[in-house]
Each structure stands twice: as structure tokens, then as C-alpha cells.
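Below are a few notes to read alongside the model.

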Amino acid sequence: MSWSSVGNWFKTQVTLKNLFRLFLGQLVSFVLALMSFTSSLIASLGVDAPITQTSFTYLALAVVYGSILLYRGQKLRIPWYWYLALGFVDVQGNYLVNKAFQFSSITSVTLLDCWTIVWAIFLTYFFIGTRYSLWQLGGAALCVLGLGLVLLSDAGVGGGGGSKPILGDALVIAGTLFFAMSNVGEEFCVKKKDRIEVVSMIGLFGMLVSGVELSIFELKSLESVTWSTNIILGFAGYTFSSFMFYTITPFVLKLSGATMFNLSLLTSDMWAVVVRILFYRQQVDWLYFVAFGVVVIGLVTYSTTEKVPATVVEDGSQSVEYQELNAESRDEC
């Protein structure tokens, strides 16, 4: 193979569209790392208000995308009670993961987020009917092994970070279960061809659920907060980054599918390592790097052997793509 043929192949592969996909994927990854950083910063400032923290995000989603939906004047394509359920599980996932920053390190929380993939496999297998290859299951098993090493490190074998790392890790794992239910439900709703409706309804019902839970569980915590510029900036940073995450994610799935999305989010763990070392001046245990390497291998194995799973539509006459959303790239939001 000549150098000219290699160059021609490279030119055909590296297109503007591929570069745009890569840019969007890394933008989502950076936004996710920014969410983790601001949430960890809020916790380090002594504020224990995870529900309030996400309420501003849901409010922003409801106002921005709800206004677009009202301008269209269209009826909901999915019954409102499904959006209520979707908003409920999304709120619980955000609450548990943000609460975990009170007890565990930013690196452990971000890496343990990978449990979402494991829960999603179970949920899609039993409730959606998605089927996975042995290679995909093997990749998921490697991810679980890597996450087990994180738990081992936080248990004290290597010295994890945080005041109660095991409690924090348990909260993250529980939170990823709710995130998986939210992601599966959101992807199913997106199949109705209207991302604006889905995001706006998540914002609306997420705001309502957050308001109820906040009034019951978090008023005393808010009363004890001594508000400062750093705390306000932390809340503003989290609201902005999480709003961008909810906004960009559907487009990454639309252009690249689950493969690029999962691989892109993986780099957010390395951003978390940089934040922990440079901002918090903390050492990262060697077991974390081993765990990260195992998770990388697991996710690459899962993603590179991923096929488009099929599920049956309501009339049972035709199968449709579940994870791959590229077919929707021709449709309008």
C-alpha cells in the first residue's frame, strides 16, 4: 500500500461530518465532567441540597423548550402520565448521584456512572426485547469488573476519597438504575420523532416532582445554607452544564448512535482525574487507573461489536431500531 493510497483513504474517512460528530461527542463529555465538577464543588462548600440543585435545570428546560412547544400549538404525542413517570425517575437519578458527592470522590462517582450501561442491558432485554451478543455481554462484564476495582479502592485497599466512600458508591449505583430507566424511556419516547416535546416534558414534570420533594425533604437544609458568591456560581455552573447536556445528547444519539455516545462519555472520567489532581490537590489511587483501563477495554469491546438491536413496534408488523437513531437524521425535531 502506497503513501498516496493511505492519504486518499484518510481523506475519505476524515470528513467534516465525522469531525462534527467527534466535536459533539467530546462536547457532551466535557459538559458531563463540568456537571460533576460543579456538583462536587457545591458539596465541598457545605451545601447539601441535591434536589434544589437540579430544580433549576428542569425549570430552564421547561421554560425554553416548553415555549417552543407552545408556539407550535401541537398536542402531545405521548400521554402525559408517561412523561410524569419519566420525570420522576430522572429526578431520583439526579438526586442520588448528586447526593453521592457528599460522601465520595469525583473520580469514583464519574467512573461508577458506567453502571448505567449494565442496568440498561437488563432493562432493554426484559422490557424492550433487545438481544445482545456474547461479545457485548463480555464487554459489559469487564465494565462491572472495573467498577468492582473502584469499590475495592474506596473500601480502603488503595485509599479512596471522600468521607464515606462506600455509601457514596452505593448511592451512585442506585442512581444509575434510575438513569437507565430514564434513558430507556427517553429513547423510546424519542422514537415518536419529537425531541422538543420529550425534553420539554422532562423539564416540566421534573420541575414538579422536584418541587414536591424539595418542600418535603430539603427545606431545612436550604435554611441552613449561608449563601455566597461561590455557592451561587456553583449552582449557575451546574444549571448551565446540565441544561447543555440535556440539549446536546439527543443530537449525538441522532448523528452517531449509542456507540459514539458511550465512547465519548468515557473521556469525562479522565477530565474528572484532571480536576481531582489540579483543583482538589488529591492523589489518585493506582487501582483507579487499573479500573479505568478495564472499563475502557469493556466499553470498546461492547461498542465495536454492537449491532443494531431490533424491537417490535406496536402493530407487530415491523421491527424498528432501538439504540441506533441515525435513521431519524432525515426527520425534523
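**Notes on the fold and a few residues**

1. The crossing of α3 and α9 is left-handed. Their axes come within 7 Å and cross at roughly 140°. An angle over 145 degrees would count as roughly antiparallel, so α3 and α9 are classed as oblique to each other. For orientation, α3 covers residues 50-72 and α9 covers residues 195-217.

2. Please keep in mind that this is a predicted model. The protein chain has twelve helices and two strands, and in sequence order the pattern reads α-α-α-α-α-α-α-α-α-α-α-α-β-β. Of its 333 residues, 50% count as buried.

3. Back on helix α3, have a look at Ile68, which lies in this helix. Is Ile68 partly exposed or buried? Its relative accessibility is 34%, so Ile68 counts as partly exposed; buried would require a value under 20%.

4. Ile68 also belongs to a nonpolar surface patch of about 390 Å².

5. Thr116 lies in helix α6, residues 115-128. With a relative accessible area of 13%, Thr116 is buried, because the cut-off for buried is under 20%.

Notes
Residues numbered from 1 in each chain as written. Predicted model: local features only at pLDDT ≥ 70, side-chain atom pairs only at ≥ 80, totals over all residues. Heavy atoms only, no water. Patch = residues over 30% accessible without salt bridge, like charges linked within 9 Å, V, L, I, M, F, W, Y side chains within 5 Å. Areas by Shrake-Rupley, 256 points an atom, 1.4 Å probe, with all protein chains shown as cover. Salt bridge = Lys/Arg side-chain N within 4 Å of Asp/Glu carboxyl O. Helix = DSSP H or I, 4+ residues; strand = E, 2+ residues; numbered from the N terminus. Buried < 20%, exposed > 50% of the residue type's maximum accessible area, 1.4 Å probe, protein only. Axes fitted to C-alpha atoms, helices over the stretch in contact; angles between N-to-C directions. Parallel < 35°, antiparallel > 145°, perpendicular 65-115°, else oblique. Left-handed = near helix turned anticlockwise from the far one by under 90°.
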